[in-house]
Amino acid sequence: TTPWHQSALVGKTLQSHLVPTLRIDSNDPLSSIVERLNAFRPRSLVGYAGMNRILAVEQIDGRLKINPEAIFCASEVLTHDSRSLIRKAWGVEATNVYAATETAGVASETWEHKAMALYEDLVIVEPVDDNYQ
């Protein structure tokens with residue numbers, strides 16, 4: 001929810017009567033996050049991979065009661081275990097997204113969830129070795 005953070009800027013850009021959004025700080029108390037999500041009932045859930053894992057446990061344990069159609073995990077490694085918990089909680093496959101504050105989206109998983117698709121029309125990526133060559 002920090003105004004200058006990339007995710008807050010994207011959320012503010014997307015905010016409209018047609019696309020309602022709810023911005024939640026991951027440092028807020030978990031009970032408050034669960035309460036607000038239960039009231040909002042999101043169709044899509046976008047969050048840190050670790051936070052989405054925590055929310056999946058809340059859903060499995062019955063405290064969180066939402067039914068998102070799409071779940072996007074960003075900013076952290078989406079582990080196999082987290083992916084499995086998310087699938088168990090909501091019955092949908094999480095999509096891994098790679099983004100940076102400087103560029104927003106860089107890449108995301110393909111529909112088959114087998115590889116990352118680079119947004120080469122939006123960013124210039126320069127792979128380097130350990131010596132920055």
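Helices here are DSSP runs of at least four residues, numbered from the N terminus. With that in hand, let's walk through this predicted model.

**Stop 1: a loop.** Select Asp 28, which sits in the loop that links helix 1 (6-14) and helix 2 (30-40). Asp 28 counts as partly exposed, with a relative accessibility of 26%. Now show what surrounds Asp 28: setting aside residues up to four places away in sequence, you will find Ile 33 and Arg 36 touching this residue.

Stop 2: Next, colour Ser 82, Arg 83, Leu 85, Ile 86, Ala 89 and Trp 90, the buried residues of helix 4. Because they span an arc of only 160° around the axis, they lie on the same side of helix 4. An α-helix has 3.6 residues a turn, so residues three or four places apart point the same way.

What covers the buried residues? Bring up strand 1 (44-48), helix 3 (49-60), strand 2 (70-74), strand 3 (95-100) and strand 4 (104-109), which are among the elements covering them.

**Stop 3: Arg 83.** Zoom in on Arg 83, in helix 4 (residues 80-90). Its relative accessibility is 12%, and therefore Arg 83 counts as buried, the cut-off being under 20%. Look for the partner of its side chain: Glu 109, whose side chain makes a polar contact of 2.7 Å with that of Arg 83. Beyond neighbours within four places in sequence, Arg 83 is also in contact with Leu 78, Glu 93, Ala 94, Asn 96 and His 113.

**Last stop.** Finish at Gly 91, which follows helix 4 and has a positive phi, near 70°.

Key:
Residues numbered from 1 in each chain as written. Predicted model: local features only at pLDDT ≥ 70, side-chain atom pairs only at ≥ 80, totals over all residues. Heavy atoms only, no water. Helix = DSSP H or I, 4+ residues; strand = E, 2+ residues; numbered from the N terminus. Buried < 20%, exposed > 50% of the residue type's maximum accessible area, 1.4 Å probe, protein only. Polar contact = N/O pair within 3.5 Å; in protein donor to acceptor, adjacent residues only side chain to side chain. Contact = heavy atoms within 4.5 Å. Arc of directions from axis to C-beta.
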